[in-house]
Structure formats: structure tokens, C-alpha cells
Amino acid sequence: MKSFVFRTPELNFGNGSVKGIGIKAKQLGASRVLIVTDKGVVSAGILPKIEQPLKDAGIEFEVYSEVQPEPNLDSLHEIVKIAKEGDFSFFIGVGGGSAMDVTKLASLMMTNEGEVSDFLGVEKVPNPAAPVILVATTSGTGSEVTKFALFGDDAIKRKTAVSSPNIMARAAFVDPELTISMPGHVTAATGIDAFIHAVEAYIAVNRNPATDPIALEAIRLIAANLIPAVKNGSKLEARYNMALGSVLAGIVLNNAGAGAVHALAYPVAMEYHVSHGISNVVNFVHTMEYIAPALLERYANMAEAMGEKVGGLSQYDSAMAFLKAIRRLCLGASLPVGLKSIGVDPKLVPALAETAFTDTRLLGNTPYVLTAKDIQAIYSNALND
Amino acid sequence: MRNVWNFSTAGKIIFGNDAVQGLGKLMQSLSEKTALVVTDPGIKAAGILETALSSLKQEGVSYAVYDQCEPEPRVEKAVEAYDFAKNQNCGAIIGLGGGSSIDLAKAVAVLLTYGGSPKDYFGEFKVPGPVLPLVAIPTTSGTGTEVTPAAVLTDLQANLKIGISDNYIRPMIALVDPMLTVKMPPAVTASTGIDALTHAIEAYTAIGFEYLLAEGEALYQGTNDLTDALAEKAIKLVSDNLRLAVDQGQNVKARYNMALGSVLAGMAFSNAGVGAAHAIAYPVGAATHAPHGVLCGLLLPHVMEYNVPVALDRFVKVAELMGENVRGLNQFEAAMLSVKAVKRLIRDVKITATLRGLGVNEAQLPDMAEKTLEVGRLLRNNPRRLTAADIEGILRNAY
């Protein structure tokens with residue numbers, strides 16, 4: 001019966017929901033807006049769907065569309081410069097995790113003196129950031145509803161993160177129609193990312209009774225819809241349910257946090273420059289197998305949410321059904337479940353494990369105490385798969 | 001058909017035993033000016049006010065206390081509290097108490113921010129913009145007002161309840177401390193707890209958001225997956241813990257789970273909406289002045305019975321969540337078990353189960369049915385269409 005805190009920004013969800021973005025921006029006091037996005041969003045033709053409602057609401061805006069995938073500090077500095085010189089005090093971030101995270105970082109730099117490195121870590125942002133609306137165009141990161149902003153620091157080969165409620169969006173828009181054009185492999189990588197958020201939040205040390213039901217609902221939605229969305233992307237119903245599962249997963253990630261899978265993923269992502277979703281999934285199944293003995297009841301509940309028949313099974317067998325189900329889900333979405341696929345050098349495993357072991361924030365939120373040796377063992381298991 | 005739903009709640013929910021001890025630090029971070037505490041004599045007498053104030057003192061937060069809130073507060077009370085507060089240099093407002101004190105605090109927050117009189121803001125979407133930081137600290141487990149966009153007041157002249165409804169008055173912070181509810185008397189525990197159950201069941205069995213008959217923005221929008229997940233958990237928590245909370249008030253675990261169930265129900269219904277039980281409770285409340293929770297509890301099983309045919313699968317789930325064994329039954333029989341389970345719970349916590357028991361005269365029923373139709377914003381969330389004759393039928397079943 002410990003205490004908990006639950007936060008979530010206003011969420012606008014549904015097909016066509018972005019049509020309301022102009023009115024919402026106006027309600028939130030926007031007059032001059034900098035839209036932050038990437039080339040992929042521009043070429044997918046999504047931008048006019050944001051611009052038209054802004055025009056209709058009489059809001060001035062400019063567009064910055066140079067956000068790189070897994071962005072580094074350069075694009076951040078560029079955005080802040082444009083915003084300061086152009087007198088923009090309101091941001092709309094449109095895209096996947098990269099565009100949304102860099103928008104959050106830029107908004108915090110507008111109202112807080114210092115370098116971005118001053119704000120790394122948990123609750124290190126003194127002032128509320130400039131107001132932001134986030135529009136998700138993938139179904140995965142959940143960044144639209146979280147207090148996290150990640151970026152790669154090439155100098156130290158580390159993924160680092162700002163975690164502060166002061167950078168949460170004022171409003172989030174999730175419009176499943178914007179995700180229709182997402183290619184299969186992106187759908188798979190981002191979708192499994194969302195799934196992993198929900199699973200890690202459901203077992204997290206910092207989970208709470210408000211996050212549990214939302215996490216199970218996200219697990220149910222994604223388990224039933226990921227493969228259809230990947231393999232039959234024009235099926236709107238699957239897109240819709242993935243968008244919903246993803247934002248619910250984001251809500252629980254924001255309040256319960258992630259764990260070991262993410263801790264193991266970051267060093268791999270930095271070393272091998274794979275996307276966040278892929279770096280997670282290649283560690284996911286083996287991490288879950290390794291820590292299973294401590295979590296039988298939770299695994300059994302998740303098995304049931306994934307549609308496994310657990311009635312009549314022992315708790316142990318139900319938990320094993322969960323492990324089988326997640327492997328099947330990944331493989332069904334054409335996702336790798338081990339490190340072999342990305343060519344990880346076995347000699348690097350101790351170094352990767354050392355780096356992962358320093359992520360005390362995430363490991364401390366894992367309901368199984370993992371030593372550097374344990375982490376090496378998980379990587380090694382994943383290497384052979 | 002509607003395509004979009006929107007979900008809002010309090011800006012932040014802080015939940016846990018002894019959470020109120022962090023109030024001083026919290027207020028310090030919100031404003032340097034005076035904190036206005038809105039509460040009632042009962043809370044003061046129970047020593048709860050002192051607990052809150054000592055945390056403020058500890059952190060050197062200056063405060064002013066308005067402790068004259070009344071149950072189901074009149075519009076005049078909002079004016080009185082506003083007059084008390086307006087020259088105190090208030091920078092933030094704390095609503096401490098049951099639904100009445102928190103609702104009054106919401107109304108005062110609007111007045112302190114924008115001036116005028118309460119009637120300027122009655123209705124939906126009449127608040128011009130954000131209000132002063134508002135912290136809601138519930139001392140009962142039921143209303144959910146700590147996370148909702150509504151403040152309900154009583155207009156004595158017109159003999160009706162009237163409210164301000166706007167997302168701008170959702171509290172910035174809901175500070176929920178189950179320990180504050182431990183001394184709540186059994187009858188209050190029962191009526192507020194049944195209110196929470198009504199919120200959860202009506203939110204879970206409301207019309208799907210796609211089919212809400214409304215144009216444009218709406219506060220209460222029908223069900224979606226997020227409100228469903230919250231409502232299901234709330235139904236289970238209340239159903240499993242209300243009897244214990246009533247009969248073993250000191251059972252901290254039951255109190256904790258009731259406080260949690262109430263907040264989750266508030267999060268669900270303040271987006272999905274409530275239905276006919278709440279709508280009918282308005283005119284009946286005006287006539288009887290019975291506690292809101294008692295009215296909702298009394299009406300709930302009869303409204304459920306009326307709604308069962310159009311939402312069979314949802315009522316089956318309610319039955320399951322309330323611990324009924326539905327295996328081997330057909331869907332209708334299983335759904336009807338939810339009605340039975342609610343009736344049993346109401347009986348066990350000793351809530352008045354009939355309108356007759358509240359002193360309603362049978363001749364009043366047609367008029368109450370007519371007046372219910374005026375609460376259209378709630379009725380449109382009900383999964384089954386209702387005419388005046390249908391409502392009268394429900395009232396007769398509840399008589």
C-alpha cells in the first residue's frame with residue numbers, strides 16, 4: 001500500500017482527431033507556433049492535416065522539418081535558435097519518438113537557462129517548459145503522453161534522457177489515420193516498442209493500481225492487432241487498435257516506468273545504431289525469460305490478456321504460456337528476438353553489460369535484482385537466438 | 001457517428017497513506033501567495049483540518065481558512081466564500097472535505113480568477129480559461145470530484161442543483177490520502193461508496209463514444225477503452241471493499257481500496273459520463289434532500305435492469321467483476337446477476353432501498369419523471385433511450 005503519483009496530459013484520440021488541433025492550440029494560448037517534424041512526415045503528406053486546422057484558427061506557424069532519426073544535439077540547437085530568433089513560444093511536435101522528444105527538449109531550453117546536459121536525469125528541469133502539443137504519427141513510443149525525452153550523445157556513445165513532468169505536453173493528439181502509411185517494418189518496430197512499454201510497466205517496481213488495468217488493456221490490444229497492422233497495414237481497425245494500445249502503453253510508461261529490457265537496449269542501440277524499437281525487441285524475450293521465476297503471477301495475467309487459455313493451468317505453466325506468446329508475437333511481426341540478427345560481436349558483451357549495468361534508474365525499476373553477470377548472461381542467451 | 005474522444009483528468013494525482021503530510025511542500029511549489037483552504041465544520045471537528053494546516057505551517061506557507069461550507073452548498077455559499085477570500089491575496093486554493101467542500105473550492109477558484117457571480121459560469125464550457133492552482137483533498141471515498149470537471153451547487157429558489165462544468169476546473173492536483181477517510185461514519189462511508197459504484201457502473205455501461213448524440217465538444221462522451229479499463233478496476237475495488245469499509249471502519253486496507261476505487265471511478269465517469277441513475281437523482285434530490293449517494297444507490301439497480309437488454313455483454317462483465325458466477329448461464333441471466341449483486345451490496349451496507357423509505361409521495365413520481373428529461377446532458381450518455389413514461393416506470397420500481 002505504498003503511495004503513488006499519476007499524471008497524464010489531456011489526450012485527444014480518434015480518426016480525424018487532428019482536425020481539432022487549431023482550436024486546441026488557441027485554447028492553450030498559441031499565437032505563433034513552430035512545428036517540429038521530420039522529412040518522413042512531410043513526404044507522407046501528413047503536414048497539411050496539421051496546417052489547415054491551424055490556419056482555420058488564425059494561428060501563425062512555421063515548419064522545421066529537419067529532425068533526424070534518433071536525433072543528436074545538433075538538431076536540438078538548431079530548433080532552439082530558430083525558435084528564439086523567430087519569437088516562437090509554442091511548439092507542435094509531429095512525428096515518431098524522435099521528433100516529439102526533440103520538441104520537448106527544445107521547449108525546455110526556452111524557459112530554462114543552461115545546456116541540455118544540465119537537465120539530464122530525473123526531475124532536473126526547474127521551470128515548466130514552453131507549451132507543447134504533440135502529434136504521434138507512429139504507434140509506439142508513447143512520447144506524446146510521457147515526461148521523457150531521449151537523445152543520443154555521440155561523444156560518450158550513450159543514450160541519455162531527461163525525465164521531468166515539466167516537459168510533458170499540454171495536449172496529445174493520436175489520430176490513427178496518420179499511421180496508415182507507416183511501412184510494415186516501422187509498424188513492427190514501433191508497435192513492439194509499445195508492447196514492451198506496457199509489459200515493463202505492468203511488472204515494474206513502481207507500478208501502481210492505476211497503471212495495472214491500463215497496462216493490461218494495452219497488452220490485450222497490441223497482442224491482438226500488431227501482426228494484422230504489420231501484415232495488412234491498410235486495415236484501419238488494426239491501425240486504430242495499435243494507436244490506442246500504444247498511447248495506453250505510453251500512459252503507463254509515464255507513471256510506472258520501464259525496466260531491464262530498456263536498460264539492455266540502450267547500449268546496443270548506441271553501438272549498432274539500430275532503432276529504439278529494434279534494440280528493445282532483440283533483448284525482450286531473453287530478458288523476460290531470465291527474470292520469469294520472480295514474476296509468475298504477473299506473467300500469468302499477461303498471458304490471459306494476450307488471449308492464451310490459462311484456465312486449468314498451473315501458475316508456472318500460465319507464465320510459460322506468456323513467454324511462448326511473446327516469442328510468437330515478435331516472430332509473427334517479422335521481428336528478431338535475439339542479437340544475432342544485428343551482428344553483435346560476442347567479444348563486446350562484457351562491455352555492453354557494464355554500460356547497461358550503470359543504468360540504475362531502469363534496473364532499480366526491475367523486479368529482479370540483476371548483476372552485471374546476469375546481464376552478460378541475458379546478452380549471451382540472446383546472442384544464440 | 002463520432003470519431004474522436006478526449007480524455008482529461010486532474011493534472012496530477014498523488015495517492016497514498018499520509019500523502020497529506022506533503023501538502024506544505026506542494027503548496028510552496030505552487031504559489032508564494034496565501035493558500036485559501038475551503039472546508040466545513042465537520043472536517044474541522046474531526047481534526048483533519050489541523051492535520052492539513054500543520055503541514056502548511058511547517059513549510060511556512062501562509063493560509064486563510066474558510067470553514068463554513070455546508071452539505072450540498074447553496075449558490076450563496078460560493079459568494080460568501082469568494083467575499084471572504086477576495087482581499088486575502090490568494091494564489092492557490094485547497095478544497096478539503098467531501099464533494100461539497102471541493103465543489104465549493106472549484107467555484108471559488110473560478111470567481112477569484114475571473115470575478116463576477118457564480119451564475120455567470122453555470123452550464124458547460126462557460127469558464128474563460130485556466131483558474132488559480134486548485135488542490136483537492138477528499139475526505140470521503142465517493143464523489144470523485146478531485147479529478148472531475150464539475151462543481152455542483154444548490155439553487156434554493158428554483159429548488160434545483162446547478163453546476164459549473166468545464167475542464168478548466170479539474171483540479172491541478174488531486175491529493176488523495178486514504179488515512180483521512182478512516183474516521184468516516186458508517187452511513188457516510190456507505191452512501192459515498194455507493195456513489196463511487198454508481199459512477200463506475202454507469203461509466204462502464206454508458207453508450208459507446210461513437211454513438212453519443214452530440215455535436216462538437218462534449219465533457220461526457222461515452223465509453224472508450226481507457227475509461228473501460230479504469231471503470232472495471234473501480235467496480236471490482238468497490239465491490240470487494242465497501243462492506244469492510246462500512247463495518248470495519250478502521251480497516252486501513254479497505255479504506256485504501258475504496259479511496260482508490262473512487263478515484264478510478266472519477267477518472268472514468270468524468271470522461272465517459274454517467275447515465276440515468278444520476279439524471280433521475282437530480283429531481284428526486286431536489287424533492288427529498290437525501291444524500292446524493294443514497295439516491296444513486298437506490299436508483300442504480302432499477303436503472304441497470306432497464307438498461308440490461310441493450311448492453312448484455314457489459315452487464316455480464318459487471319456481474320463477473322462483482323464476484324458472481326456466470327458460467328453456464330445464458331447472457332441475459334448472467335447480465336441480470338449484476339442487478340442482483342448491486343441490490344445485495346446496497347442491502348448489506350444498509351442504504352435505504354426504496355423511494356417510499358425516503359418519504360417520497362407516490363403522486364410526485366410523474367413530475368419527477370418529467371423533470372428528469374431536463375437533465376439531457378446525462379441522459380444522452382445512457383445506453384438505452386428513455387421517455388418520461390420509461391423513467392416513471394423506473395421510479396415506480398424503485399418506490
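Residues are numbered from 1 along each chain as its sequence is written, and chains are lettered from A and ligands numbered from 1 in the order in which they are written. Because the model is predicted, local features need pLDDT of at least 70 and side-chain atom pairs count only at pLDDT 80 or more, while totals for chains, interfaces and linings use all residues.

In soluble globular proteins, nonpolar side chains tend to be buried together. A nonpolar core is here a set of buried Ala, Val, Leu, Ile, Met, Phe, Trp, Tyr and Cys residues joined through C-beta atoms within 7 Å. A residue is buried if 20 or more other C-beta atoms lie within 10 Å of its own, exposed if 12 or fewer, and partly exposed in between, with C-beta atoms placed from the backbone. The largest such core has 288 residues, and among those with the most contacts inside it are B:Val38 and B:Val108. Two residues are in contact if their C-beta atoms, placed from the backbone, lie within 7 Å. Residues up to four places away in sequence aside, B:Val108 touches B:Val38, B:Ala78, B:Ala81, B:Tyr82, B:Ala85 and B:Ile93.

Several of these names return in a pair of helices. Helices (H or I, at least four residues) and strands (E, at least two) are DSSP runs, numbered from the N terminus. The axes of helix H4 (residues 75-85) and helix H5 (residues 99-114) of chain B come within 9 Å and cross at roughly 55°. H4(B) is therefore oblique to H5(B). Axes are lines fitted to C-alpha atoms, for helices over the stretch in contact, and angles run from 0 to 180 degrees between N-to-C directions; angles under 35 degrees count as roughly parallel, over 145 as roughly antiparallel, 65 to 115 as roughly perpendicular and the rest as oblique. The contact includes B:Ala78, B:Ala81, B:Tyr82 and B:Ala85 of H4(B) and B:Val108 of H5(B). By class, this contact of H4(B) with H5(B) has 9 nonpolar, no polar and 1 charged residues, where Ala, Val, Leu, Ile, Met, Phe, Trp, Tyr, Cys and Pro count as nonpolar, Asp, Glu, Lys and Arg as charged, and the others, Gly among them, as polar.

Another pair in chain B is formed by helix H11 (residues 312-321) and helix H12 (residues 331-348), whose axes come within 7 Å and cross at roughly 50°. H11(B) and H12(B) are therefore oblique to each other. Their contact includes B:Phe315 of H11(B) and B:Phe332 of H12(B), and its residues divide into 10 nonpolar, 2 polar and no charged.

The chains also meet each other. Their contact takes 25 residues from chain B and 25 residues from chain A. On the side of chain B, the largest share, 6 residues, comes from H7(B), and this side has 13 nonpolar, 7 polar and 5 charged residues.

Some loop residues remain. Most residues other than glycine have a negative phi. A:Glu123, however, has a positive phi of about 55° although it is not a glycine. A:Glu123 lies in the loop between strand E6 (121-122) and strand E7 (132-136) of chain A, and it counts as exposed because it has 12 C-beta neighbours inside 10 Å. For A:His273, phi is near 50°, again a positive value in a residue other than glycine. A:His273 is found in the loop between helix H9 (260-272) and helix H10 (276-291) of chain A.
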